[in-house]
Amino acid sequence: MLVKPIEAPTVCPRDALLQDFEGELLQQGYAPSTVHKQKRLFADLSDWLQTQELTAGDLSFRLVDRFLRDRRSAGFARHKTHRTLRPILDYLHRLKLAPPLEAPVLEGPASVILDRYRRFLTMERSLIATTVERYIDRLRPFLDSRNSADGLALELGNLSPADIISFVVARCPRQNSGTAKLTVTALRSFLGFLHLEGITERSLVCAVPSVARRRLVGLPKGLEPDQVQRLLASCHANTPVGCRDLAILTLLVRLGLRRGEVAKLMLDDIEWRAGTIVVRGKGNCIERIPLPQDVGLRLVEYLEQARPANALGRAVFVRCVAPHHHLTPTRVSTIVADAARRANLGRVHAHRLRHTAAIQLIRAGASLPEIGQLLRHIRTETTAIYAKVDRNGLRMIARPWPGDVQ
């Protein structure tokens, strides 16, 4: 008598994906409740694609919009944005089951030249994405003014100095000094790019007028020592978030790092035996500076007690909420702003802590070259602004008041 072998139960491909997706989210540090919601959303997306006779390979930005619209129409009150679908979409892309989802690029000749310019700034000038997009935003009105009559081309080859001056004169008076300066800076950069690309026969960079703005007229604004103590004390060091934020604030105040330099700090950049730290500054400039003992202790506390064990990548500072990827420069700024608000210090930006570090060095007797070396200034003129807060040095060169002059 033949005995029929017992067949192993087959696993539905979707169930296998859901199980693997669940394991990946748990490994990334998501809470079980969040994982459960993501699995339900994954199943809803799968059912919707099957109803539409589509597959994950057909997913696009506009198709996801359709899914979300149908979801809203069905009465779902939550999980209605692209952001909530991001873990699912990233997972499908990593498995090569779905293409990378990118926002649709605006069509038109301006978008084409701006995409080329964006790659130039990123690859050739090593600018960070935030700065690149700020340049792009300032240039859009200029390119709109250069549209041809039919709107199908840009009239850039026949640019003249008069065209440049006319745009700046019409545009900049309606802007504050900072925005106007950024506009002319972006315009000079773009005109240089046009000449390098052969779009204009000659460079028109010199045709861009300068913004009337006095340099070094203000005083660098730093925090007083008691304000620094209040800022640091506002962090609850016994919590993971507070321990991380305290380490970040200590780096900013003691070493004068920029917010982007804190965000880009990697585990391999800290050389514990040598007592130094590698700082990746502007323009891919890499410097090695001493690591003070108090700063090192704050970093050790964070790395041992608060940094998630399943953090993604080698960045020192990561999100405390899953997924635990690196912090952005903007998030570093909000950490400073939140701490200042808790300490009742008003609005404080991350760069103000850089000024604080320089002013503390001045008061401790450091010279301007030493401050410029710590802050990694390329030009001595940039450091010269701190001479105005060196009261002891100014007293030595101050002339006596001319007595009874009326």
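Colleague: Is R71 buried or exposed?
Modeller: This is a predicted model. Buried means under 20% relative accessible area. R71 has a relative accessibility of 7%, so R71 counts as buried.

Colleague: In which helix is R71 found, and which side chain does R71 join in a polar contact?
Modeller: R71 belongs to helix α3, which covers residues 61-73. A polar contact of 3.0 Å links the R71 side chain to that of D44.

Colleague: How many helices and strands are there in the protein chain?
Modeller: Buried residues make up 37% of the 406 residues in the chain. Its secondary structure consists of 3 strands and 17 helices.

Colleague: Why is strand β2 largely enclosed by the rest of the structure?
Modeller: Strand β2 spans residues 276-280 and has 5 residues. It is largely enclosed because the buried ones among these number 4 of the 5.

Colleague: In which sense do β1 and β2 pair, and over how many bridges?
Modeller: β1 covers residues 270-271, and E271 stands opposite T276 in β2. The two strands form a hairpin with 4 residues between them, and G275 in the turn has a positive phi of about 70°. The pairing is antiparallel, over 2 bridges.

Colleague: How many bridges join β2 to β3?
Modeller: β3 covers residues 286-290 and runs antiparallel to β2. R280 stands opposite I286 in β3. These strands also form a hairpin, with 5 residues between them and G283 in the turn at a positive phi of about 60°. The number of bridges joining β2 to β3 is 5.

Colleague: Which residues touch the most other members of the largest nonpolar core?
Modeller: That core has 44 residues. The members with the most neighbours in the core are L251, F317 and L353.

Colleague: What share of the contacts with a separation of 6 or more comes from residues 24 or more positions apart?
Modeller: Contact means heavy atoms within 4.5 Å. Among contacts in the protein chain with a separation of 6 or more, residues 24 or more positions apart account for 58%.

Conventions:
Residues numbered from 1 in each chain as written. Predicted model: local features only at pLDDT ≥ 70, side-chain atom pairs only at ≥ 80, totals over all residues. Heavy atoms only, no water. Buried < 20%, exposed > 50% of the residue type's maximum accessible area, 1.4 Å probe, protein only. Polar contact = N/O pair within 3.5 Å; in protein donor to acceptor, adjacent residues only side chain to side chain. Pairing = 2+ DSSP bridges. Core = buried A, V, L, I, M, F, W, Y, C linked by side-chain atoms within 4.5 Å.
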